[in-house]
Each structure stands twice: as structure tokens, then as C-alpha cells.
Amino acid sequence: MKEFELKMCRAESVDFVNKLPPNVKIELSNKFSYNVGYSKIKTCQGEFKAEIFDKNTPDRFHITVVMKGFFIISDEIPKEKLHVKTYDAMYPFVKAFIANLTANAGIPPVYIPYIDISNQSIYRVEMPGKIKRTEEEE
């Protein structure tokens, strides 16, 4: 069996505001979050949230997209590794969704940058509420 398989990816929520006058230059800023929830039946759900906004007037231009991916997973892959791999699987869908949304709105497409999360701290919450760092930080 493969380590994981993406079965479905869907947009859960979209908030898009474009109240800028034509031909105005903006400076975009990005925020991303990615979380994975695991079930007992060899599945998990990734939630990718992307926020793009104008640094100077975020109330006049911003995009917030929450996409969920549903995966079949193997028991052999560590959760920290699975976290990174499922993020990498979902990133192209989020990037394409935002690019298409903005292009279809009549503005130049916005392409979100790729962020390599493989070298960043990934925290896991163990029940009842204890936070555990990845094996590199233990």
C-alpha cells in the first residue's frame, strides 16, 4: 500500500474582497496554516487555510480560502512525515484555486508561494491536551 492517497479535495469556504480602484499597485502578504486530523480507520483530513491580502489596505483586498483534503493513509508512515506529504499534495490545488479565482474575477492571477514545511516545527496535540514536538525537538 502507498503511504497515502488523496481521495478528494474541496473548498470549504472562500472570502474574496476586491474593492480596489483599477490600475492601483498593491503589496501582497500571505499567511498559511495547515492541520491534519486523524481517524481510527486509516484516514485523515488535511485543512489548508490561505490568506492573501494587501499590506496597506487589507479591508479593500483580501482572499481567504479554506480547502480540505481527504486521504487514505498507511500505518507505516510517521504522522510528522505524513503531515508534510499531505501538505505537499494539497498545495497545488490551493494554488490553482486562488489563481483561477483571481483570474476569473478580472484581475491578474495571484500565485501563492510554496512554503517548505519539512524543516519547520510541527506540533502534535496528544490527548488530554499535551503538546508534543516532533522527534527532532524532543
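Visitor: Which residues form one aromatic cluster?

Guide: The cluster is made up of Phe32, Tyr34, Phe48, Tyr87, Tyr91 and Tyr114. The model is predicted, so local features need pLDDT of at least 70 and side-chain atom pairs count only at pLDDT 80 or more, whereas totals for chains, interfaces and linings use all residues. Residues are numbered from 1 along each chain as its sequence is written, and side-chain values use heavy atoms, with hydrogens and water left out.

Eight aromatic pairs occur in the structure (rings of Phe, Tyr and Trp, the last by its six-membered ring, with centres within 6.5 Å; planes under 30 degrees apart are stacked, over 60 edge-to-face, the rest tilted). One of them joins Phe16 and Phe61 edge-to-face, at 6.1 Å centre to centre and 85 degrees between the planes. Because Phe16 lies in strand E1 (residues 4-18) and Phe61 in strand E4 (residues 61-73), this pair ties together parts 45 residues apart in sequence (strands, E, of at least two residues and helices, H or I, of at least four are DSSP runs numbered from the N terminus). Phe16 is partly exposed, at 26% relative accessible area, while Phe61 is buried, at 2% (buried is under 20%, exposed over 50%, partly exposed in between, with a 1.4 Å probe and protein chains only).

Within the cluster, the ring centres of Tyr34 and Tyr87 are 5.6 Å apart and their planes stand at 70 degrees, so this pair is edge-to-face. Tyr34 belongs to strand E2 (residues 28-38) and Tyr87 to helix H1 (residues 79-104), 53 residues apart. Both Tyr34 and Tyr87 are buried.
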